[in-house]
Amino acid sequence: MNLVLLGAPGAGKGTQAANLVSEFSFAHISTGDILRAAVKNETPLGLEAKKYMDAGDLVPDSVVIGLVSERLADDDTKGGFILDGFPRTITQAVALSEELDKLGIALDAAVALVVNPDVVVARLSSRRCCKVCGYIGSAADETCPKCGGEMFQRDDDKEDVIRNRLAKYEESTAPLVEYYRGADLLKEIQGDKDPKEVYADIKAALGL
Ligand code: AMP
């Protein structure tokens, strides 16, 4: 199954993508993860992307479209993939559709996680991630409950940056919901609930 996961920052895209990947072995394509790895490794792309990411702004379309096109050509996407955090603009969505046409692949659905902005700010400001395995937890996790690794707070999970990321989402990414509704691919899921219930709702909506 080939999926796009949409939703505001903090809506639970990363958590739900991880659930789908562990149960169905889909390839997980997270542009945020790819960009963070580039920043960490101080590649030219990472150095360019860092200034946008630190401010909570979107990295230019041309940069992320190139990254995703390369990643979609990898063999592990043949068994299905989840795009998490991409597309984030209509330009990216159109480029994705063209790239998939070239590869002879179709999207099966765009899952949109719908959450209240106040819930997102509370969730993200308490989010902590594992430095070792990438587990997404909360400030209550002193060490990673999965592997015992050190937990850290992402630089862009500070409140002023979160507010800017939400504003960018409303401006650039929210219109994608209508784009995918128009393409008859949209599945809207209430994301404010317990993550296990959200996951069950996603599976039911996808017939999995
Ligand atoms: P995320 O982990 O998906 O919240 O992404 C973290 C940051 O990476 C975002 O705030 C953007 O600065 C950048 N980013 C990730 N995906 C994209 C994308 N599709 N388009 C533009 N910027 C992106």
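Select tyrosine 179 first: at 28% relative accessibility, it counts as partly exposed. Keep in mind that this is a predicted model.

**The aromatic pairs**

Tyrosine 180 is buried, with a relative accessible area of 3%. Now select phenylalanine 24 and phenylalanine 26. The structure holds two aromatic pairs. Phenylalanine 24 and phenylalanine 26 make a stacked one, with 5.6 Å from centre to centre and 20° between the planes. Return to tyrosine 179 and tyrosine 180: their ring centres are 5.0 Å apart and their planes stand at 90°, so this pair is edge-to-face. Colour the phenylalanines by accessibility. Phenylalanine 24 is partly exposed at 25%, whereas phenylalanine 26 is buried at 7%.

**Helix α8**

Show helix α8, residues 175-182. Which of its residues are buried? Leu176, Val177 and Tyr180 are. They span an arc of only 110° around the axis, so they sit on the same side of α8. Next, display what covers them. The cover includes β1 (2-7), α5, β4 (109-114), α7 and β8 (186-190). Step just past the end of α8 to aspartate 184, which has a positive phi of about 65°.

**Where α7 meets α8**

Bring in helix α7, residues 159-173. A packed pair of helices is described by the angle and the distance between the axes. Here the axes come within 6 Å and cross at roughly 35°. On the α7 side, select Glu170, Glu171, Ser172 and Thr173. On the α8 side, select Pro175, Leu176 and Val177. By class, this contact has three nonpolar, two polar and two charged residues.

**The three-stranded sheet**

Move to β5, residues 127-130. With β6 and β7 it forms an open antiparallel sheet, in the order β6-β5-β7. β6 (136-138) and β7 (151-152) are the edge strands; each has a single partner, so one side of each lacks a neighbour in the sheet. Zoom in on β5 and β7, which pair over two bridges. Pick cysteine 130: its bridge partner in β7 is methionine 151.

**Glycine 85**

Last stop: the loop between β3 (81-84) and α5 (90-103), where glycine 85 is found. Is glycine 85 buried or exposed? Glycine 85 is buried, with a relative accessible area of 7%. Select Leu5, Lys13 and Thr31, its contacts beyond the neighbours within four places in sequence.

Definitions and conventions: Residues numbered from 1 in each chain as written. Predicted model: local features only at pLDDT ≥ 70, side-chain atom pairs only at ≥ 80, totals over all residues. Heavy atoms only, no water. Helix = DSSP H or I, 4+ residues; strand = E, 2+ residues; numbered from the N terminus. Buried < 20%, exposed > 50% of the residue type's maximum accessible area, 1.4 Å probe, protein only. Contact = heavy atoms within 4.5 Å. Axes fitted to C-alpha atoms, helices over the stretch in contact; angles between N-to-C directions. Nonpolar A, V, L, I, M, F, W, Y, C, P; charged D, E, K, R; others polar. Pairing = 2+ DSSP bridges. Arc of directions from axis to C-beta. Phe/Tyr/Trp six-rings, centres within 6.5 Å; stacked < 30°, edge-to-face > 60°.
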